[in-house]
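Here is a short report on one protein model. Have the sequence and the structure open while you read.

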Amino acid sequence: MRAIPVASVALLGGAALSACVPAGAVGSNTYGFTVSPATVAPGGQVTLGVGRTEAGCRGRVTVTSPVFDTVTIPRDESSATARVDRDARRGAVYRVTFACRDKTGTVDLTIAGDGSHHPSDEPWRGKGVHAGQGGSVAGFDLKQLGLGAALVAGAVGTAHHLSRRRRTGEDGA
């Protein structure tokens with residue numbers, strides 16, 4: 001009878017911890033998607049690659065980004081080239097999205113020069129401010145991750161303690 005509350009507390013704790021993992025912590029490039037060079041000047045050329053291993057993509061790959069036209073890598077090829085737009089904002093970091101059947105991944109492409117180093121889904125238009133990235137771009141903060149894990153562990157421990165305490169109160173009555 002004690003195994004059921006302990007198992008439920010463990011499952012809830014595991015679910016709470018997995019919900020605390022930032023979306024960026026999950027590897028988005030597990031299929032060998034590459035952009036080379038990782039930093040390129042506006043108007044430059046990049047090579048888009050895909051891993052053709054067991055874990056990689058075996059089909060046709062569609063590659064999109066705000067700074068170049070859509071490129072298709074045929075299933076019997078492992079790379080293709082793309083020309084970066086000449087009006088790409090210097091210093092900006094753009095997301096390059098690879099899609100192959102049910103597998104997707106992103107790789108960042110940096111445009112050479114000074115400026116912002118935040119990934120962008122949209123090209124810079126020169127009007128207004130570029131906003132909306134929020135905490136999705138922030139790096140890992142070990143203090144915050146540790147504090148979050150401690151809070152979740154404390155909540156799980158408290159729930160377990162209270163469930164045991166309530167049960168012993170019911171047994172004594």
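## Basis of the report

This is a predicted model: local features need pLDDT of at least 70, side-chain atom pairs count only at pLDDT 80 or more, and totals for chains, interfaces and linings use all residues. Residues are numbered from 1 along each chain as its sequence is written, and side-chain values use heavy atoms, with hydrogens and water left out.

## Overall layout

The protein has 2 helices and 9 strands. Both kinds of element are DSSP runs, numbered from the N terminus: helices are H or I with at least four residues, strands are E with at least two. From the N terminus, the order is α-β-β-β-β-β-β-β-β-β-α.

The protein has 173 residues, and 25% of them count as buried. Buried means under 20% relative accessible area, exposed over 50%, and partly exposed in between, with a 1.4 Å probe and protein chains only. The accessible surface is about 11,300 Å². Carbon and sulfur atoms hold 56% of that surface. Such areas come from the Shrake-Rupley method with a 1.4 Å probe; for residues, only the protein chains shown count as cover.

Contact means heavy atoms within 4.5 Å. Take the contacts between residues at least 6 apart in sequence: 59% join residues at least 24 apart.

## The nonpolar core

A nonpolar core is a set of buried Ala, Val, Leu, Ile, Met, Phe, Trp, Tyr and Cys residues joined through side-chain atoms within 4.5 Å. The largest one here has 25 residues. Leu-48, Val-61, Val-63, Phe-68, Phe-98 and Leu-109 touch the most other members. Two or more residues each come from strand 3 (45-49), strand 4 (61-65), strand 5 (68-73), strand 6 (79-83), strand 7 (93-100) and strand 8 (103-111). Strand 7 gives the largest share, 4 residues.

What does Phe-68 touch, not counting residues up to four places away in sequence? Its contacts are Leu-48, Val-63, Ala-82, Arg-83, Val-84, Asp-85, Val-96 and Leu-109.

## Strand pairing

Strands of a sheet pair through backbone hydrogen bonds, either parallel or antiparallel. Here, two strands pair if DSSP finds at least two bridges between them. An open sheet of 3 strands has the order 1-3-6, with antiparallel pairing. Strand 1 (34-36) and strand 6 are its edges, each pairing on one side only. Strand 3 and strand 6 are joined by 5 bridges. Gly-49 stands opposite Ser-79 in strand 6.

Strand 7 and strand 8 pair antiparallel over 8 bridges. Val-96 has Val-107 in strand 8 as its bridge partner. These two strands form a hairpin with 2 residues between them, and Arg-101 in the turn has a positive phi of about 50 degrees. Strand 8 also runs parallel to strand 2 (residues 39-40), with 2 bridges. There, Thr-39 is partnered with Thr-110. Strand 4 and strand 5 pair antiparallel over 4 bridges, with Val-63 opposite Val-71. They too form a hairpin with 2 residues between them.

## A closer look at Ser-65

Ser-65 lies in strand 4. Is Ser-65 buried or exposed? Ser-65 counts as buried because its relative accessibility is 13%.

Beyond its neighbours within four places in sequence, Ser-65 is in contact with Tyr-94, Arg-95 and Val-96. Its side chain reaches the backbone oxygen of Arg-95 at 3.2 Å.

Notes
A polar contact is a pair of N or O atoms within 3.5 Å; within protein, one must be able to donate a hydrogen and the other to accept it, and residues adjacent in sequence count only if both atoms are side-chain atoms.
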